[in-house]
Structure formats: structure tokens, C-alpha cells
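The sequence and the structure come first.

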Amino acid sequence: MSKQAPPPTLTEKYSGVPSRLAAIAQAAKDQLYSHKTVADSTPRRHNVRLPPDTTRAAFDEAIAALRQHLGADNVVLNDKPLVDGWYLEHPNTHDAFHVVDQEDLVSSAVAYPGSTADVQTIVKWANEYTIPIYPISMGRNVGYGGSAPRVPGSVVLDLGKRMNKILNIDAENASCVVEPGVSYFALYEEIQKRKLPLWIDTPDLGGGSVLGNAIDRGVGYTPMGDHFANHCGMEVVLPNGELLRTGMGALPGKNGTDNPTWQSFQPAYGPYSDGIFSQSNFGIVCQMGFFLMHETGHQSYMITFPRDEDFPEIVEVIRPLAQKHILGNIPQLRHVAQELNVTGLPKSHWYSGSSPLPRDLIRKHASQLPCGDCSWVFYGTQYGDAASIDSQLSMIKSTFSRIKGSKFFLPSDLPPDHYIHSRALVCSGVPVLRELDWLNWKPNAAHLFFSPITPTRASDAQVVHDINVHLHAKYGFDLFPTLCVAGREMHYITNIIYDRSSNDEKRRAAALMRELIAATAKEGYGEYRTHLLFADQVARTYSWNNNALMRFNETIKDALDPNGILAPGRNGIWPKKYRGKGWELLGDRVEKAVGGGTIAPKL
Ligand code: ADP
């Protein structure tokens, strides 16, 4: 395995990795690159992708004006060969996990604002030149589109590069305020540096933006795993350039200071407006407050279940335990196929065929792993002092023991390289990188998440699971379901891993997504989040009462953004000037754009 150039550390770059993880990051990079068969980059086939309805001359004039505003170094044309990179050295020019042509979902240029005032300036510029802009915080929205804009040729606003300050950590209030470029790694390290007895909540990978993940309604795994629910207060630039503070921030503090209750009380007075800035294109969030958790004792564990058919009963056992808050966090229920995958070994290590791994083979290999021959694996964590953790665990053990053959493991029962040790870190608020191991499954691996929500009820969960089993087999993909479970709903997340050098795999992955979305919607289940290429389809499944919700969203969009400059099409919300012009990606348009086509209505 050849050694790659060292990944950047946090001291070198705001988006780097903490030095405690430098060796792990190096090993992860070396391993991922060892499966890469495509070149780092290929010469561009097309010139700069222009914004829609914009001539090169008009574009050049607009870019010159933007450079005047921001400084020439802070506006960079996207005209160099595209480099997919990897998680810690990811591009802000396109979707590194491209589903369609690598050069199709691209920006025309990237702008780097250094302040909220710069963001306002850019928004005013976009209105003047009617050029679409697309804000990203850190662009690590992997599996959902990364840094790519929905409309090719948009100018991407990379907020994180120059707006990456932790503006406040209030230890008494257990809260913080961050800018878009603050990663989970950076926030965690700062709290350690200050020796504060506080935890953050991190997703599986720690390199994403705290702010960006929350407004895309991502989840983590401590008791404060619902990131948007644990935010408190926002500062937002509206599409007309006006600046808004939500929550108590709307009430001016004494003598021009921030309001003292901005990070204490979420709704303030009047309609609760924060929600409309999540998963939307109604504003650019420049600051956001978050609650932090007090550090506490914790104990992670793993429970295995022997039969595939145990699935409905596991769900029935989880529901009351979660509703009564006996389960301490947002636990994960995974199929045993993932135990093979999280070893970081490639698929070819387990199976020489190209079809999905046969069930018998998974069984055979699992029996050699610490989990043994099982079907489902539950990862949970309990919190509190030793005595209360003991009593919680004995209740959990005895309830799950109803399922014949279930087995309980503590981290100390498992080898030091077992995945449980990284889950234990994530579940105690320590951001890590282990989840990258998934990507060693295939050469040039990329992935798409399919993320429907089901009630925590066996009959519902079984329908969604059966659809996934059937359609993954139909399109020839291994099924890797991870369920993030709560008392009333479960995020049933499958990770569709494809080789991004293969147009056949891309087409099949896209077709699988499309059919999964349609089949689950027919049964009444919808996605909580999706890759931007499938946003139109998902948004249109929420069609109750003649698309009342979309019509409501469009009314807000048109009122706030009459020129349609801010992230057109994000979450399926199109401004008036784009509607009815063929921008919506419905039917098989994504598959058709693979391998040289385009997602835009016209070139
Ligand atoms: P991550 O937070 O994981 O690094 P991104 O920065 O890509 O991921 O954010 C996820 C998505 O949320 C982006 O694609 C973009 O559409 C939206 N987004 C991110 N940051 C902002 C922001 N500050 N204001 C408005 N929308 C944003």
C-alpha cells in the first residue's frame, strides 16, 4: 500500500483532522487510495459551466464585479481539472461522489466570503446579475450531494473557509455559537483545550460542519442527537441581502450586545421561524447557537440477534424502551452484513462474485467474526452514574432476552479493533473517522443514502425493510441497512455503495434510488433527507391536498427570493422563474444523464 501525502491537520487547516487522529487519517487515506483505479483527475472536456441564460461576456463582467467586492483571491473560477479527493481533502467544485457525469453537477466559480457583511454583498451581487448562488458550510454532505450546487453553473459560496470561528462557548449555559466552518473536530478540540466538562454531539464522521449538518437536519448519537432540535438561535442573510436574527436574538441586547437569552430559549415570540431555514433555500445561515451536553458516565454495548426474522420483534422491544427513555441515546440497529463491511476489508475479500453477497456466505463469514453467526446487531449506550447504568442495563438485557438466542456484549468482551470501540466514542461525543471504512467495499467507492422514516412499529418497519430487500436484489446491490431508532420513529438508512468509475453501477444506483422512493411513498413512507438529484422526486411525494406543502413553500420562496438567486431547486423548491421549464428531475432523467448526458434542461 503506497503512502499518500499526509492529510491536513486542524492546526494547518480549519477543515483538517485533529492531531490525535493524524495517524488514523493517514491510514484511512492510504487504504482508500489503494482501491482507486481511476486517475486523480482528467482534463476538462468542457469550459467553465456558465449559469443558466448567461453569456460568457455577461459572466465575466459579473465575476469581475464580484472580485472587486471580495478581492480577486476570494473568487476562483471552476475551470481546472476536477479532483474527487477523499473525505478530508474534498472538492468544493462538484459532487465527489458523482452519480451523473462528474462535470455536470458543477459550479461556475467558488466565492469565499469573510464575514456576514460579505455574504450580504454577494447576495446583492447575485440579484443584480441574476446569477444563482449555492451556499455550503464545509461541503462534507457526503451521500447527499457534497459541495455540488443543484443548478449547474451556480456560484458556490464556500462559507467555511473564512468564516470558521467558534464565537462563544458559554460553560454556565452549556451552549455555543458557531460560524459555518466549525467542524465537530474543531468544536470538540476547543472544549478539550478549555478543559470544560461538556460534550458535543457528533455524527458518525467528525469532519462535517456543526451548523451545516444541523440545518440539513442530520443526527448524532448521544441523548442530544437531534441536531436541529438542539440548536438555539440563528443569524441569517435573506435572499434580498437583509440580515435576520431568529429566536431571542430578535430582541436587541442592552447597548448593542447580543441578547442574553439568545442561546437559552428557542422559540421567542410569534411564529417559530427557524424551521423554514432548515432543508430549504430561504436564507444563508451565518451563525447558529447550540446546546451542549454535560459530561456523564457512559457504557456502550452490543446485542446480537440470531435470525433475519427477528427484525419485527426487535422493533417491538425497542419501542417501549425508547419511549420510556430507558434506552439512553439514539441507538443503531444494523444488519450483520455491516459487520463484514465495517472491518474495512473490500468486498472481494469476502466474495469473488459481483452480485450481492449471498446470505449463506454472510452467515459463514460472520461466524468467524466476534459477533458470530447472527442476523441483526444493536449498538446502544447508557448514561449516568455506575449504579444507574447497571440498573438500566439489567432492564435492557432482560427485555431483549425475550428474543431467543440474543447475546449481549460489552466493549471489553470484544477485540480492540472491533467497531464497537468507535461507536463508544461517537456515543460519548468524541468525533472520529472510522465510518470511512465503508468505502473500502468497492474500488473508487461512492455512496448514496436512502433515508426513509418509519414508525417504530413492526408492521411498518417490515414493509420498508421488505421493499429494500427486494429492490436491492433487483438492482444488484448489497443491502446495508442502519436504523437510527427512537421511540416513535426510526431513520431507516441504507447505504448504496457504487463504483464511481462505472456508468453501469451509477445507472443502477440511480434507478434503485428512484424505485425505492416511489415504492416506499406508495406505502405511505417518506424520506427525511436525500441527495440533491432526487430532491424533486422526494419533495413531490409529500403531495397531500394537491401539493399544499409545496405550494406553501413556493409562496415563501417567491416572496423572499423574487429573482430566484438562492440555491434554486434545493429540496425540490424552485423559484418562479425556473418552474415549468424542465428543471425538475423526475422519471428516469437522472439515469439518462449518466455517462455524458446532462441534468439541465438544455446545454
Ligand atoms: P457539511 O455540513 O456536512 O459539511 P454542507 O456544508 O455541504 O455539509 O451542508 C449541507 C447542505 O446544507 C449544503 O449542501 C447546503 O445546501 C446547505 N447549507 C450548508 N450550509 C448552509 C448555510 N450556512 N446556509 C444555508 N444553507 C446551507
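Buried area here means the accessible area, taken with a 1.4 Å probe, that two parts lose on being put together, summed over both. The model is predicted.

## Domains and their contact

The chain is divided into domain 1 (19-158), domain 2 (166-294) and domain 3 (298-533). Between the centres of domain 2 and domain 3, taken over C-alpha atoms, there are 29 Å. Their contact takes 23 residues from domain 2 and 22 residues from domain 3.

About 1,800 Å² is buried between domain 2 and domain 3, and carbon and sulfur atoms give 65% of this area. On the domain 2 side, Trp199, Asp204 and Tyr221 supply 34% of the area buried against domain 3, more than any other three residues.

## Where the ligand lies

Domain 1 and domain 2 both give residues to the shell around the ligand, so the ligand lies between them. The shell has 20 residues, of which Ser137, Met138, Arg140, Val285 and Arg570 are the closest. By type, nine are nonpolar, nine are polar and two are charged.

Strand 3 (133-136), helix 5 (210-215) and strand 10 (284-291) each supply at least two residues of the shell. Helix 5 gives the most, with four residues.

## Polar contacts and burial of the ligand

A polar side-chain atom of Ser137 lies 2.7 Å from a nitrogen atom of the ligand, and a polar backbone atom of Val285 is 2.7 Å from a nitrogen atom of the ligand. For Met138, a backbone N or O atom lies 2.8 Å from an oxygen atom of the ligand. The ligand taken alone exposes 540 Å², and the protein buries 97% of that.

Key:
Residues are numbered from 1 along each chain as its sequence is written. This is a predicted model: local features need pLDDT of at least 70, side-chain atom pairs count only at pLDDT 80 or more; totals for chains, interfaces and linings use all residues. Side-chain values use heavy atoms; hydrogens and water are left out. A residue is near a molecule or strand if one of its heavy atoms lies within 4 Å of it. A polar contact is a pair of N or O atoms within 3.5 Å; within protein, one must be able to donate a hydrogen and the other to accept it, and residues adjacent in sequence count only if both atoms are side-chain atoms. Accessible areas come from the Shrake-Rupley method with a 1.4 Å probe; for residues, only the protein chains shown count as cover. Ala, Val, Leu, Ile, Met, Phe, Trp, Tyr, Cys and Pro count as nonpolar, Asp, Glu, Lys and Arg as charged, and the others, Gly among them, as polar. Domain bounds come from an automatic or database domain assignment. Contact means heavy atoms within 4.5 Å.
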